Amino acid sequence: MEKLKSIVEDALGELDGSFPADQAGKVARVIEAAVIRGMLEGQHRAVDACKEIGETEQVVAHKVATAIREKNDLLIVNLSSLR
C-alpha cells in the first residue's frame with residue numbers, strides 16, 4: 001500500500017508544474033487507476049497461466065490462484081479506502 005502511494009507521489013513529482021495545483025487529486029487518481037489496471041492485468045495473466053497447467057498440478061494451481069485473488073481483493077479494498 002505504501003509502495004503505491006510512493007509511486008503516485010513520485011509520478012506527481014515528475015509532473016510538478018505541468019498542471020494546476022487543484023488538479024493534483026485528479027492526476028493522482030488517474031495514476032492510481034493505471035497502476036491498478038496494470039496490476040490486475042498481471043494478476044489475470046498469472047491466474048490464466050495457473051489454469052493452463054496439467055491436471056495433476058491443478059490443486060496447487062488452484063491454491064496459487066486463490067492466494068493471488070485474495071491479495072488482489074485486499075489491495076483493491078485498501079486502495080478504495082484511500083479515496
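Here is a short chat about a predicted model and a few of its residues and helices.

Q: Before we start, what kind of model is this?
A: It's predicted, so to speak of local features we need pLDDT of at least 70, side-chain atom pairs count only at pLDDT 80 or more, and totals for chains, interfaces and linings use all residues. Residues are numbered from 1 along each chain as its sequence is written, and side-chain values use heavy atoms, with hydrogens and water left out.

Q: OK, how many salt bridges does the structure hold?
A: One, taking a salt bridge as a side-chain nitrogen of Lys or Arg within 4 Å of a carboxyl oxygen of Asp or Glu.

Q: Which residues form the salt bridge?
A: Glu41 and Arg45, with their closest N and O atoms 3.0 Å apart. Both sit in helix α2, four residues apart, about one turn of the helix. Helices here are DSSP runs (H or I, at least four residues), numbered from the N terminus.

Q: Is Arg45 buried or exposed?
A: Exposed, at 57% relative accessible area. Glu41 is partly exposed at 41%. The cut-offs are under 20% for buried, over 50% for exposed and partly exposed in between (1.4 Å probe, protein chains only).

Q: Switching topic, where is Asn72?
A: In helix α3, residues 58-82. Asn72 is buried, with a relative accessible area of 9%.

Q: And what does Asn72 touch?
A: Met39, Leu40 and Gln43, not counting residues up to four places away in sequence. Contact means heavy atoms within 4.5 Å. Met39 is one of the buried residues of α2.

Key
Helices (H or I, at least four residues) and strands (E, at least two) are DSSP runs, numbered from the N terminus.
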